[in-house]
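This report goes through one structure by topic. The sequence and coordinates come next, and the discussion follows them.

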Amino acid sequence: MKKNLVLIIFFSLKIISGQSLSAQDKNEAGWKAGVASVIITPEESMWMAGFAARTRPSEGKLHELWAKALVFEDAAGKKGLLITTDLSGIPKSISDNIRNRLEKSFNLSRSQIIFNTSHTHSGPVLQDALHALYPLNEKQKEQIRIYTIKFENQIEALVKKALGSMKPVNISTQNGITRFAVNRRNNIEAKIDAQTDLKGPSDYAVPVIRVTDKKGKVLALAFGYACHNTVLSGYEWSGDYAGYAQIEIEKAHPGTTALFFQGCGGNQNALPRKSVPLAKQYGRELALAVEAVLEGEMKELEPRLRTAYSEVNLEFEIPPGKEELNQMLAKESGYIRNWALEMIRKYEKGERILTSYPYPVQFWQMGDQSVVALGGEPVVDYAIQLKKIFGSGLFVMGYSNDVMAYIPTVDILREGGYEGHTSQMAFGLPAKWKESIEPLIMGEVLKLSKEIGITIPDSK
Ligand SMILES: [Zn+2]
């Protein structure tokens, strides 16, 4: 009997110590995260990005513009950094500068950094971004140059601050839903009020990443939507509907940082639009969709992060020759005329005309949450196709790491219009994309997913 009792005590102790050890291990070897934010609203009146129709610089603000950084670290110490910004887009030159600096200062590689822009059309113009769209004088160009230098410094300081605030956390994810995005190619904006059945496709998903500390306090809420931030087109700085959504969420959860990331909203607008009350309404709708996700069941992620990044060369069609460009000069105006003039100048100076473009594609696997981040302004059809392959739980970001152009599908290329054709001129590119664009991008995402060991689910 005595011997048995000793054995029982021995085994009980072993179980107790084993339990407490594994709980401790789990605590130490779980996720860590840090978050920080910085105001990037220009201090002076500057030219605003996104619309060619504006005729003067900014006048005041509706609310601040923000850059925010959320750093994740898995149980093995691998980090991932999500940067979100209330900006129209980020050109390659600035993104490369920033990502090079982050690699040098914090040892973060390209695969570990997702730099997303909200595509607000009420933010400042950056260096090298769509200058053909805007009638800028020399003083305004100098303002943009100075703002851009400051912005790059701010981002490095922001990431340093986020890294300095790392603590043990739990991370969970889930998709919510809201339906204010409208396919702007397949519906007529002027008739939207009278329309009773909207034509798709759209992606109404609201992906949410929740980061809580070990006491359950929400530290960060990153959320997305696939829809242009073009409700507002006035002269006051704002993050548009996404700005209002972030403000609403931070109000509802004091002490939380809300980060908005843009999805594949290339052909999606919030309609109707063009008023502050509507921007606020859509912001609240999006914030409510996030709340519904938080109130429901979320998927807790295992502390394992895998990341992959590559740039795939997308080819352009043969650009028009000088004769065709001269004919365009005679009949076109605005940005198309500016583009034709610039092409002629390049031909005359013998400057190199791009034949292809290195397009950034990225894949993250956080626990069993897959995240795809694409560059440019991808049309929603990419998100829909990727979800058919990887399942409806997939998170897809667009406008990430380099916003160089619209990213149409083969169908939209053939249809033409702004997203398929003329936007290439607004972006200062030499010609339409070749039809290989779609298989190249889809193939690259699949390649990266294999690289990090994703098995593709059977879900359709
Ligand atoms: Zn756009």
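## Zinc site

Which protein donors does the zinc ion have, and how far from it do they lie? In this predicted model, the donors are His119 through NE2, His228 through NE2, Glu377 through OE and Tyr406 through OH, at 2.0 to 2.3 Å from the zinc ion. Along the chain, the donors follow the spacing H-x108-H-x148-E-x28-Y. Glu377 belongs to strand 15 (residues 377-378) and Tyr406 to strand 17 (residues 406-407), so this pair ties together parts that are 29 residues apart in sequence. Glu377 is buried, at 2% relative accessible area, and Tyr406 is buried as well, at 4%.

The arrangement of the 4 donor atoms is irregular, because the angles they subtend around the zinc ion run from 86 to 177 degrees. For reference, the ideal angle for four tetrahedral donors at a metal is 109.5 degrees.

## Salt bridges

How many salt bridges does the structure hold? The count is 25. As background, side chains of opposite charge can pair when their charged atoms come close. One of the bridges joins Glu59 to Arg56, with an N to O distance of 2.7 Å. Both side chains belong to partly exposed residues: Glu59 has a relative accessible area of 44% and Arg56 one of 35%. Another bridge pairs Glu64 with Lys61, where the closest N and O atoms are 2.8 Å apart. Glu64 is partly exposed at 24% relative accessibility, and Lys61 is partly exposed at 45%.

A further bridge is formed by Arg110 and Asp96, at 3.1 Å from N to O. Arg110 sits in the loop between helix 2 (92-106) and strand 4 (113-117), while Asp96 is in helix 2, so the pair ties together parts that are 14 residues apart in sequence. Asp96 counts as buried, with 16% relative accessibility. Arg110 and Asp96 are also members of a salt-bridge network that includes Lys92, Arg99 and Glu311.

## Cysteines

How many disulfides does the structure hold? There are 0. The cysteine sulfur closest to that of Cys227 is in Cys264, and at 13 Å it is too far for a bond. Seen from Cys264, the closest cysteine sulfur is that of Cys227, again at 13 Å and too far for a bond. A disulfide would require the two sulfur atoms to be within 2.5 Å. Cys227 is buried, with a relative accessible area of 0%, and Cys264 is buried too, at 1%.

Strand 14 (residues 369-374) and strand 16 run parallel and are joined by 3 bridges. In one of the pairings, Val372 has Val396 in strand 16 as its bridge partner.

## Helix 8 and the residue after it

Which residues of helix 8 (residues 380-390) are buried? They are Val380, Asp381, Tyr382, Ala383, Leu386, Lys387 and Phe390.

Gly391 follows helix 8. The phi of Gly391 is positive, near 100 degrees.

Where in the structure is Ala52 placed? Ala52 lies in the loop between strand 1 (31-39) and strand 2 (66-73). Ala52 is partly exposed, with a relative accessible area of 37%.

Ala52 and Ala426 are 374 residues apart in sequence. In space, the separation of Ala52 and Ala426 is 8.8 Å from C-alpha to C-alpha.

Technical notes: Residues are numbered from 1 along each chain as its sequence is written. This is a predicted model: local features need pLDDT of at least 70, side-chain atom pairs count only at pLDDT 80 or more; totals for chains, interfaces and linings use all residues. Side-chain values use heavy atoms; hydrogens and water are left out. A salt bridge is a side-chain nitrogen of Lys or Arg within 4 Å of a carboxyl oxygen of Asp or Glu. Buried means under 20% relative accessible area, exposed over 50%, partly exposed in between (1.4 Å probe, protein chains only). Helices (H or I, at least four residues) and strands (E, at least two) are DSSP runs, numbered from the N terminus. Donors are N, O and S atoms within 2.8 Å of the metal (3.2 Å for Na, K and Ca); water is not among the atoms, so sites may look incomplete. Four donors count as tetrahedral if all angles lie between 85 and 135 degrees; four count as square planar and six as octahedral if opposite donors are over 155 degrees apart and all others between 65 and 115; anything else is irregular. Two strands pair if DSSP finds at least two bridges between them.
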